[in-house]
Amino acid sequence: MQQINEVNDIDLSVPINSETYRELAREKIDKKAFGYIDSGSGSEWSLVENIKQYHRYSLVPRVLRDVTAVDQSITLLGREIRAPYLLAPVGFQTIVHDDGERASAQASNHAGIPFVQSTVSSYTIEEIRAALPDAPHYFQLYWPSDVEVCDSLIKRAEASGVDALVITVDTPLLGRREVDLAHAYFPMETGAGMANFLSDPVFQAKYNPTGTLTESALKQAIQKILFHPGLTFQALKKLRDETALPIIIKGVLNKDDAKELQALGVDGIIVSNHGGRQLDSAVAPLDVLADVRAAVGPSFPLLVDGGVRRGSDIIKALALGADAVLIGRPYIYGLIDGERGVRQVLSQLSSDLQTNLALLGVTDVSQLDQSYIKNAE
Ligand code: FNR
């Protein structure tokens with residue numbers, strides 16, 4: 001519970017929002033690295049649409065409610081988190097700042113919200129676990145086509161005590177990202193994103209038994225097994241039987257897929273088009289959110305991501321049925337200033353959300369429903 005008008009830790013000497021950090025990132029980091037984080041696949045239709053969908057809705061406030069105290073905390077997978085958003089899995093974060101995922105995880109820990117660590121992060125599962133003593137640690141899995149390496153990563157996640165597995169299913173192969181193709185850029189070429197594989201005993205034993213492989217040969221070995229175009233519901237079913245960890249499936253847009261996954265026993269779903277980086281022209285998640293919510297029922301954990309930039313966006317997503325949202329690019333723009341920059345973006349977002357909830361006449365995010373929004377079209 002936070003008091004309205006309470007002095008918070010907004011620092012006026014730094015950028016005021018993630019859009020301003022984005023412009024700084026454009027100036028400050030390598031052009032190819034900026035292209036990688038900022039761009040989308042193909043024509044970038046989905047990337048643009050993700051943002052536009054939030055502009056389709058306006059907010060309809062209630063007045064004369066006592067809003068002296070507003071609570072934006074929620075419970076997710078049985079744990080209280082301080083705000084209804086998570087840091088999305090974003091790979092290769094050392095292309096933005098040397099501290100990469102460790103800085104982002106520390107900022108998440110400070111904010112009391114979950115950090116979702118990418119498979120292709122530049123710090124290991126165990127290192128990120130240690131950076132999150134007070135906030136949930138979810139491990140995102142790109143299900144490797146090598147089943148033994150896949151099992152080993154899952155075992156390490158279990159052994160290190162992560163809170164959940166987030167399995168990304170919209171990436172049987174990489175989307176066609178024309179900005180990166182034009183730059184001939186793949187971030188692993190910089191040495192980023194390999195930590196979980198290089199530290200994996202099974203990966204090393206199978207692909208580098210003599211320990212003499214060159215860095216470029218190691219990259220090729222990782223790239224060859226990173227995605228699994230043959231993955232089906234069967235493999236998930238098997239994993240559901242084998243692991244006690246909560247499983248959240250990321251990258252679902254079809255309500256029937258959502259129902260099938262729910263029936264299979266997963267613990268939550270993230271409605272997502274991967275920030276417009278995979279299927280070009282994939283529907284914007286916000287556009288299908290209410291239908292997916294109707295399909296899975298009122299109490300199934302349902303998250304959404306893509307295009308969330310402001311507190312008002314979070315309000316719209318929650319009003320349409322999400323329990324929480326994930327943010328990707330906004331915190332990555334903040335990462336140009338390391339942990340401090342990510343903290344700043346999170347603090348700005350929570351402050352924006354807090355103010356807008358009060359102005360909307362809402363004292364607890366659980367009160368949000370469709371009566372607070374109007375389709376502006
Ligand atoms: C991603 N995303 C992503 N997703 C995932 O499951 N594993 C990953 O490793 C990555 N890596 C990644 C890198 C970069 C640079 C970006 C921008 C995104 C997708 C991410 O988790 C999320 O779905 C989107 O970023 C959400 O959209 P916004 O918030 O960026 O608009």
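The chat below goes from the whole chain to single residues.

Trainee: What kind of model is this, and what pLDDT do local features need?
Mentor: This is a predicted model, in which local features need pLDDT of at least 70 and side-chain atom pairs count only at pLDDT 80 or more, while totals for chains, interfaces and linings use all residues. Residues are numbered from 1 along each chain as its sequence is written.

Trainee: OK, how many helices and strands are in the chain?
Mentor: The chain has 16 helices and 14 strands, where helices (H or I, at least four residues) and strands (E, at least two) are DSSP runs numbered from the N terminus.

Trainee: And how does the radius of gyration sit with a compact globule?
Mentor: For 377 residues a compact globule would have a radius of gyration near 21 Å, and the chain, at 20 Å, agrees with that. The radius is taken over C-alpha atoms, and the globule rule is 2.2 Å times the number of residues to the power 0.38. Along the principal axes, the C-alpha atoms fill a box of roughly 70 × 50 × 40 Å.

Trainee: What share of the residues is buried?
Mentor: Buried residues make up 50% of the 377, a residue being buried if 20 or more other C-beta atoms, placed from the backbone, lie within 10 Å of its own, exposed if 12 or fewer, and partly exposed in between.

Trainee: Which residues have the most contacts inside the largest nonpolar core?
Mentor: That core has 109 residues, and those with the most contacts inside it are Ile249, Ile269, Val271, Ala317, Ala322 and Val325. Helix H16 (residues 338-360) gives the largest share of this core, 7 residues. A nonpolar core here is a set of buried Ala, Val, Leu, Ile, Met, Phe, Trp, Tyr and Cys residues joined through C-beta atoms within 7 Å. Leaving out residues up to four places away in sequence, Ala322 touches Leu289, Leu302, Leu303, Val304 and Ala317.

Trainee: Why is helix H14 called largely enclosed?
Mentor: Helix H14 (residues 311-319) is largely enclosed by the rest of the structure because 9 of its 9 residues are buried. The buried residues include Asp313 and Lys316. After H14 comes Gly321, which has a positive phi, near 120°.

Trainee: Switching topic, which residues come nearest to the ligand?
Mentor: Of the 23 residues around the ligand, Ala88, Gly91, Ser118, Gly275 and Gly328 come nearest, where a residue is near if its C-beta atom, placed from the backbone, lies within 6 Å. The shell divides into 8 nonpolar, 11 polar and 4 charged residues.

Trainee: Where does UniProt place the active site?
Mentor: The unreviewed UniProt entry places the feature "active site" at His274, although such annotations may be inferred rather than shown by experiment, and feature names are shortened and positions given in the numbering used here. His274 is in the loop between strand S11 (268-271) and helix H13 (285-296).

Trainee: Is His274 buried or exposed?
Mentor: His274 counts as buried, because it has 24 C-beta neighbours inside 10 Å. Apart from neighbours within four places in sequence, His274 is in contact with Asp170, Thr171 and Gly251.

Trainee: What is the phi of Ser281, and where is that residue?
Mentor: Phi of Ser281 is near 80°, a positive value in a residue other than glycine, and Ser281 is in the loop between S11 and H13. Ser281 is exposed, with 12 other C-beta atoms within 10 Å. Most residues other than glycine have a negative phi. Phe92 also has a positive phi, of about 60°, although it is not a glycine, and Phe92 is buried, with 24 other C-beta atoms within 10 Å.

Trainee: Last one, what does Gln140 touch?
Mentor: Gln140 lies in strand S8 and is buried, with 23 other C-beta atoms within 10 Å. Not counting residues up to four places away in sequence, Gln140 has several partners, among them Pro89, Ser118 and Lys250.

Methods: Nonpolar A, V, L, I, M, F, W, Y, C, P; charged D, E, K, R; others polar. Contact = placed C-beta atoms within 7 Å.
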